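The following exercises concern a predicted model.

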Amino acid sequence: MKILVAVKQVAALDEDFEFRDDGRDVDPDFFIRDLNEWDDFSLEEAVKIKEASSTPVDVVAVSVGPDDVDEVLRKCLAKGADRAVRVWDDAIEGSDPIAIARVLAAVAKHEAPGMVFAGVQSSDQSFASTGIATAAFLDWPHAAVVSALNYAPGAKTAVFRRELEGGLLHEVEIQCPAVLTIQLGINTPRYASLRSIKQAAAKPIEVLSLTDLSLSAADVGEAGSASRVRRMYMPDKGRAELIEGDAAAQAERLAAIIREFKGDSA
Amino acid sequence: MRLFYLLGYAAIAVFGYGVYVQIRKYRRGAALKLDGSFRARLGDMIGKVLSHSTIARRDPAAGAAHRLIFYGFALLFIGTSTITLQYDILEPLFGIRFWQGKFYLVFSLVLDVAGVALVGGLVYMMYRRRWLRLPKLDYARPDRAPGDPDFDRPQYRREDWAFLWILLVIGCTGYLLEAARLVWLQARPDVWDTRWWSPVGALIAQACRALGMAEHGGALLRHGLWWFHGLLALAFIALIPFTKVKHIFTSAASLMVRDPQAAQRLPRIPESQAQAGVAKITDFNWKQLLNLDACTKCGRCHEACPARAVGAPLSPRDVILSLRDFAKATLESGAIPEAAELDVHGKAPGQVAQETLWSCRTCMACVEICPVAVEHVPVIVQMRRKLVEDGAMDPLLTKTLQTIHKTGNSFGESKRKRAAWTKGLPFPVKDARKEPVDVLWFVGDYASFDPRNQKVTRTFATLLHEAGVDFGILFESESNAGNDVRRVGEEGLYELLANANVAAMAGASFKTVVTTDPHSYNTIRNEYPDFGGRYEIQHYTSFVKQLFADGKLRVTSPLTYRTTFHDPCHLGRFNKGYEAPRDVLKLLGCELVEMGRSRANSFCCGAGGGRIWIPDPIGSEKPAQNRIKEAAAIPDLDVYVVSCPKDLTMFEDALKTTGNEGKFVVKELIELIREAIPVHRPEEVPA
């Protein structure tokens, strides 16, 4: 039995960054990279299920990205993943979450896991769609924002909880295999010591190409994407103004501001 | 008589078996190769044993009493052995007799005096245990609750008293024997006329005679007592390896295998070792297992420990004693139990709890004061390594370690911001990676990123600039030095940091390294050599002292403050940098009033060993508060002087939280130097 965990290497901004020449992203030199926080929880959930299971379970971490992504995959291996798979082809550059999901779905077909976990969202792009789109390509049952899970490897169904607005809880039973996106706080991710990361470096990371997954260049990159980033920029700084004076004066100033924003020059 | 010999051989056999069991126990520990010459170690040990220098420290009365017992016992033992030597070996085999004539008389006198010393020492020790009620001799544990099976360990007390009483009875019956013999043989002039060569025996004999004892009575008494005394002495010998008496051997051996750098330079994890740190009792090396048995429960580490002083669940003494009980229970029988029963982590008797290990500040107060060279800090750090591997630590510490891994500093700031403190200085700070400098300043995390410390850092830069020192820094190539990361037990991260810094320093050209941070100072000085980084390094206090001596800095407006100085653990105890900061304070004109706990006995601010990244329990006293209260007792104190960035943070906070704000201030020595050398007004600055 396998649990496939989709992970992403996210980028956090360093101080004083600059944009890329094409203006569609930040210059990669100014990124501090790490494992996506949500994925830390979904990986931990898979490893916990494996540790509690009486039957053997393989936790497979998968990521789509160039070779520097190996760093987060090694972290996953250090935290208890049994295997790590990385998919890359230069054609994948520029993919949106839908194209990435197509790749992940191909990996899931290839691996045939009993369950697929993904994080609810990534901390850098926040589309919150990769996991769910993967389920769509697989045509598997799915659920988003899972905050508690009861799943025995190999079982036909799993029961999980979702937190809803207003403090309500949703308890749901789902057919397996399924794709679940995991919410922060579902568990306490373990610490991967530097020694364990170093020891994990000895474990191989399997690299798959598009042909290995029976995909073509048209399935990924901008060609395979449903959306395209036009530009990335810093908005002009917002302004704050403390309105002083008596109620009438304040109301007058407020009205003037509203008119200004509406564009009424009159 | 034949029976006595039989019993004697039996006692020696039991002793021999006991020694075998103990040595087998130590050999069940991990291997360790000692460096340094055997002869130097032996000489060092003999010097310490004969002088009792380590036992007399901070407790001269106990030192004196132990000296009496030691020398009394040693002389009596040698005396008795030489009698055996002549009586059973030399005379029957070679016909040699030396126990006669003048030699015999002088020896009787020496042994009589030795007996007085022994008895006197023992009586004082009994007085000390029974009436002085020293807190350090209280076996109640801060890491256990009343009612726990190993809370206050009354069996230790029983053993202490049995030890004292047996020795006392052996000593006293020796005198009675002597007296009984004199009474018995009073008719023989060669015996009776020389009786004052054993004055105590003679006095007792006179008393016996006065009470009406005659020759016959003396003979009877002597016969009975002889057996009693002899059997007791044989029992004592037989019991040595099984009781605290073994400290005669284990403490001496421990002193001999002492590592003077035990806390300053922690051991690397060998390449061949898959697991980090200590999980099982057999993961400790033989020397550490020997250390456990060397402990005499004197309680000096218990007394010196800052964690214990503020009620944290840690006493270094009890870590050692717990593990000793554990080793005794598991490693003294014929076969070693299953691996699961060797786990030293946990809350069962003999195990050490996580909270205990995380309470340690690695301040080295325990290692420094231990009279028998027990090295607690490496034991604790080795156990922490296992906890780190398991992720068994405070969530905030986990986060900090991840942050350090990601950004190279504990503040989670961008690497690029490391030198942000230089902005606004009226002169450029050289980039040591790009141009050669005389002095490479290793700034360290706190001095680089903490806003309060940045002021001090800028001041120090200005002082260096004014003194004409050619210095530079490593800018974003500097990483956290790793001293505290290593003491947390995250050895893999430490290796990463140390290697990164050694590589960065290899890319710079400089003559000497200077740092204001004692933590960085310690690890660069003592631990980087293991990573190929060998530098001449100074803490700023000694560097500045030299600048004054060379006339590069001159006090122009002397200060008149009444000050006290806090020795940072890593500058003082770790690296013996006691004098330079005091000399500088005096150069500035300050009056220096020492706190009770100073120099080697300085009291840790509580930030060491990674504790600065772990929140203290709410409501409990912090070590820094305990320390500030000590300083507050100095009348009319103006300035509490520190020379460590973490100290500045810890004590400024403690000054406020103890309600002493306004009574005196906490200042970096650098700030006082600045005050004593006021900045020139711009028009006076030479162009």
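**Exercise 1.** Identify the residue of strand 4 of chain A that is the bridge partner of Lys2(A), and describe the pairing of the strands concerned.

*Solution.* Step 1: the bridge partner of Lys2(A) in strand 4 of chain A is Asp58(A). Step 2: the pairing of strand 1 (residues 2–6) with strand 4 of chain A is parallel and comprises 5 bridges. Step 3: strand 4 of chain A also runs parallel to strand 5 (residues 83–87) of chain A, to which 5 bridges join it. In this second pairing, Ala61(A) is found opposite Ala84(A) of strand 5 of chain A.

**Exercise 2.** Determine the handedness of the β-α-β unit that contains helix 2 of chain A, and state how many residues of strand 4 of chain A are buried.

*Solution.* Step 1: the unit consists of strand 4, helix 2 (residues 70–78) and strand 5 of chain A. Step 2: this β-α-β unit is right-handed. Step 3: burial is counted for strand 4 (residues 58–64) of chain A, with a residue taken as buried if 20 or more other C-beta atoms lie within 10 Å of its own. By this criterion 6 of the 7 residues of strand 4 of chain A are buried, and the strand is mostly covered.

**Exercise 3.** Characterise chain A as a whole by its secondary structure, dimensions, burial and contacts.

*Solution.* Step 1: chain A contains 6 helices and 11 strands. Step 2: its C-alpha trace extends over about 75 × 45 × 40 Å along the principal axes. Step 3: of the 266 residues in chain A, 40% are buried. Step 4: contacts between residues at least 6 apart in the sequence of chain A are considered, and 70% of these join residues at least 24 apart.

**Exercise 4.** Describe the side of chain A that touches chain B, stating which element gives the most residues.

*Solution.* Step 1: the contact between the chains involves 12 residues of chain A and 17 residues of chain B. Step 2: on the chain A side, at least two residues each come from strand 3 (31–35) and helix 5 (194–200). Step 3: helix 5 of chain A gives the most, with 4 residues. Step 4: by class, this side of chain A has 7 charged, 3 nonpolar and 2 polar residues.

**Exercise 5.** Give the strand order of the open sheet of 4 strands in chain B, and explain why one side of each edge strand lacks a neighbour.

*Solution.* Step 1: the order in chain B is 7-6-8-9, with parallel pairing. Step 2: strand 7 (591–592) and strand 9 (665–668) of chain B are at the edges; each has a single partner strand, so one side of each has no neighbour in the sheet. Step 3: strand 9 of chain B runs parallel to strand 8 (residues 639–642) of chain B, and 4 bridges join the two. One of the bridge pairs is Tyr640(B) with Val666(B) of strand 9 of chain B. Step 4: helix 25 (residues 579–587) of chain B packs on the sheet, where it touches strand 6 (562–565), strand 7 and strand 8 of chain B. The direction of helix 25 makes about 170° with that of strand 6 of chain B.

**Exercise 6.** State how many residues of domain 1 of chain B are in contact with domain 2 of chain B.

*Solution.* Step 1: in the domain assignment of chain B, domain 1 covers 38–137 + 154–255 and domain 2 covers 259–392. Step 2: 15 residues of domain 1 of chain B contact 15 residues of domain 2 of chain B. Step 3: helix 10 (247–256) of chain B is one of the elements that supply at least two residues of the domain 1 side. Helix 10 of chain B gives the most to this side, with 6 residues.

Methods: Residues numbered from 1 in each chain as written. Chains lettered and ligands numbered in written order. Predicted model: local features only at pLDDT ≥ 70, side-chain atom pairs only at ≥ 80, totals over all residues. Contact = placed C-beta atoms within 7 Å. Nonpolar A, V, L, I, M, F, W, Y, C, P; charged D, E, K, R; others polar. Pairing = 2+ DSSP bridges. Axes fitted to C-alpha atoms, helices over the stretch in contact; angles between N-to-C directions. Buried ≥ 20, exposed ≤ 12 C-beta atoms within 10 Å, placed from the backbone. Right-handed = clockwise from strand over helix to strand, strands pointing away. Domains from an automatic or database assignment.
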